[in-house]
Amino acid sequence: MESEASRQYHEFPPVFDENSRILILGTFPSVKSRETGFYYGHPQNRFWKVMASLTREAAPQTVEEKKALLLAHGIAIWDVLLSCEITGSSDSSIKNPVAADLGRILKLCPIEKIFANGATAAKLYDKYQRIQTGMEIITLPSTSPANAAWSLERLCQRWEKLTGLGKSGQ
């Protein structure tokens, strides 16, 4: 793990298509995600398990399966930040952030709601992007392994209630 902050750049594109109605924003890719070149790459991150539960599908394993799962359910994902100084994967260490331009997704997709995967993503969105998008963000509990206080079952319940996907939305 990195011991001091260094400038990092988001090196993989957002996932979306013309049918995306929901946009989920993380803060910035973790070290593992930067190594694997895709979102929520840490094996202990529960994002993909939560998505599988909400969509009632098998947990995707490959990048192509992950993209297909999201797009089949009208979900777009990206991160709030395009670059920042960060120590390891610690959101609390972020300095000198540069916000991603969400305009390209919002112009091409009928996004109805924007959700934050964790409080830091919501805070940064409110500070850097809300004025440009004109859309509020709904904060969901982080799926990060650092959020150990939330069990997988509890995460799924909260995410399901707020997104309207899964059992309560059908």
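Lys 32 is partly exposed, with a relative accessible area of 37%. Here, buried means under 20% relative accessible area, exposed means over 50%, and partly exposed lies in between (1.4 Å probe, protein chains only). The partner of Lys 32 in a salt bridge is Glu 35. The closest N and O atoms of this pair are 3.4 Å apart. Glu 35 is exposed, with a relative accessible area of 56%. Both residues lie in helix 1 (residues 31-36). They stand three residues apart, about one turn of the helix. Helices (H or I, at least four residues) and strands (E, at least two) are DSSP runs, numbered from the N terminus.

The model is predicted: local features need pLDDT of at least 70, side-chain atom pairs count only at pLDDT 80 or more, and totals for chains, interfaces and linings use all residues. Residues are numbered from 1 along each chain as its sequence is written, and side-chain values use heavy atoms, with hydrogens and water left out.

Five salt bridges occur in the structure. A salt bridge is a side-chain nitrogen of Lys or Arg within 4 Å of a carboxyl oxygen of Asp or Glu. Side chains of opposite charge can pair when their charged atoms come close.

Another salt bridge joins Arg 7 and Glu 85, with the closest N and O atoms 3.9 Å apart. This pair links distant parts of the chain. Arg 7 belongs to strand 1 and Glu 85 to strand 4, 78 residues apart. Arg 7 is partly exposed, at a relative accessible area of 29%. Glu 85 also counts as partly exposed, at 26% relative accessibility.

Glu 85 in strand 4 is the bridge partner of Arg 7. Strand 1 and strand 4 (residues 81-86) pair in the antiparallel sense over four bridges. Two strands pair if DSSP finds at least two bridges between them. Strands of a sheet pair through backbone hydrogen bonds, either parallel or antiparallel.

These strands belong to an open sheet of three strands, in the order 1-4-5, with antiparallel pairing. Strand 1 (6-9) and strand 5 (95-99) are the edge strands, and each pairs on one side only. Neighbouring strands of this sheet are turned by 15 degrees against each other on average, direction ignored. Axes are lines fitted to C-alpha atoms, for helices over the stretch in contact, and angles run from 0 to 180 degrees between N-to-C directions.

Four strands form an open sheet with parallel pairing, in the order 3-2-6-7. Strand 3 (75-79) and strand 7 (137-140) stand at the edges. Each has a single partner strand, so one side of each is left without a neighbour in the sheet. The twist averages 25 degrees from one strand to the next. Within this sheet, strand 2 (residues 22-26) and strand 6 (residues 113-117) pair in the parallel sense over four bridges. Leu 25 stands opposite Ala 116 in strand 6.

Helix 5 (residues 119-128) lies across strand 2, strand 6 and strand 7. The helix runs at about 160 degrees to strand 7. Contact means heavy atoms within 4.5 Å.

A further salt bridge joins Asp 126 and Arg 130, with the closest N and O atoms 4.0 Å apart. Asp 126 is partly exposed, with a relative accessible area of 36%. Arg 130 counts as partly exposed at 35% relative accessibility. Asp 126, Arg 130 and Glu 136 are linked in a network of salt bridges.
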